[in-house]
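Work through the following exercises with the sequence and the 3D structure side by side. Each task is followed by a solution that goes step by step.

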Amino acid sequence: MSARTRSTAISAFCFILTALTVNCGKQESATAPPAEASAAAGPWQQSMPAEFAGLTVKDGGACYLDVVNGADAANPPRIRPNSMIALAGWAVADPKAGRSGGGVGIQLNSSTPFFIVADRYNRPGLGTALKSSSALDGGGIKLDPTQLNLPAGDYRVIFLIQSDRELLRCDTGRSLRVN
């Protein structure tokens, strides 16, 4: 089995698993709580990025975290506070309708959530793997190496996807240990 076929099969399996575990009913406001002082100065913030201000936050979408610092996200490497972190995966607003959504971000969720804006990239074959439109090929999400200014702890990885006036929170099913 080729690497591309294997990756497509894994992505399809993960999409089905994610679709079965996503709670689509929860809604909340994107109005962020007052920003507290960050663990250290850096790009990760304790308040929702300005790009997503005013959007209604709800759980939804479909997503998968593939890579953490070049390693398989199923077995992420050790991550130290204030080290560099790079993430890659995919996140789409509505795979059935062939809608990848707009802007994307990442939330590392613990007792205190941390947020950062991420980038889209093209993942040829993603739409086919999700049994949808090739428009979903633009559903890749990545964070280039960025300082991880978070305190030690365990963090659930949530992908954020703008879809019209909503901000969908998609749980990747992955956690990171920072220590």
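A residue counts as buried under 20% relative accessible area, as exposed over 50%, and as partly exposed in between. The model to which this scale is applied here is a predicted one.

**Exercise 1.** Classify lysine 142 and aspartate 144 by accessibility, and state how their side chains are joined.

*Solution.* Begin with aspartate 144, whose relative accessibility of 38% falls between the two cut-offs, so that it counts as partly exposed. Lysine 142, at 28%, is likewise partly exposed. Finally, lysine 142 forms a salt bridge with aspartate 144, in which the closest N and O atoms are 3.8 Å apart.

**Exercise 2.** Describe the salt bridge between aspartate 154 and arginine 177, and say which strands it ties together.

*Solution.* The two side chains meet with an N to O distance of 2.7 Å. Because aspartate 154 lies in strand 10 and arginine 177 in strand 11, the pair ties together parts that are 23 residues apart in sequence. Turning to accessibility, aspartate 154 is partly exposed at 42%, whereas arginine 177, with a relative accessible area of 52%, is exposed. The whole structure holds seven salt bridges, and another one of them joins lysine 58 to glutamate 166 at 3.8 Å, N to O. Here lysine 58 belongs to strand 2 (residues 56–59) and glutamate 166 to strand 11, so the parts tied together are 108 residues apart in sequence.

**Exercise 3.** Which residues of the largest nonpolar core touch the most other members?

*Solution.* The core contains 28 residues, and those that touch the most other members are Trp44, Ile85, Ile106 and Leu108. Among the elements that give two or more residues to this core are strand 3 (62–68), strand 5 (84–92) and strand 6 (104–109). Leaving aside residues up to four places away in sequence, the contacts of isoleucine 106 include Trp44, Leu87, Phe114 and Val157. As background, nonpolar side chains tend to be buried together in soluble globular proteins.

Terms used: Residues are numbered from 1 along each chain as its sequence is written. This is a predicted model: local features need pLDDT of at least 70, side-chain atom pairs count only at pLDDT 80 or more; totals for chains, interfaces and linings use all residues. Side-chain values use heavy atoms; hydrogens and water are left out. A nonpolar core is a set of buried Ala, Val, Leu, Ile, Met, Phe, Trp, Tyr and Cys residues joined through side-chain atoms within 4.5 Å. Buried means under 20% relative accessible area, exposed over 50%, partly exposed in between (1.4 Å probe, protein chains only). Helices (H or I, at least four residues) and strands (E, at least two) are DSSP runs, numbered from the N terminus. Contact means heavy atoms within 4.5 Å. A salt bridge is a side-chain nitrogen of Lys or Arg within 4 Å of a carboxyl oxygen of Asp or Glu.
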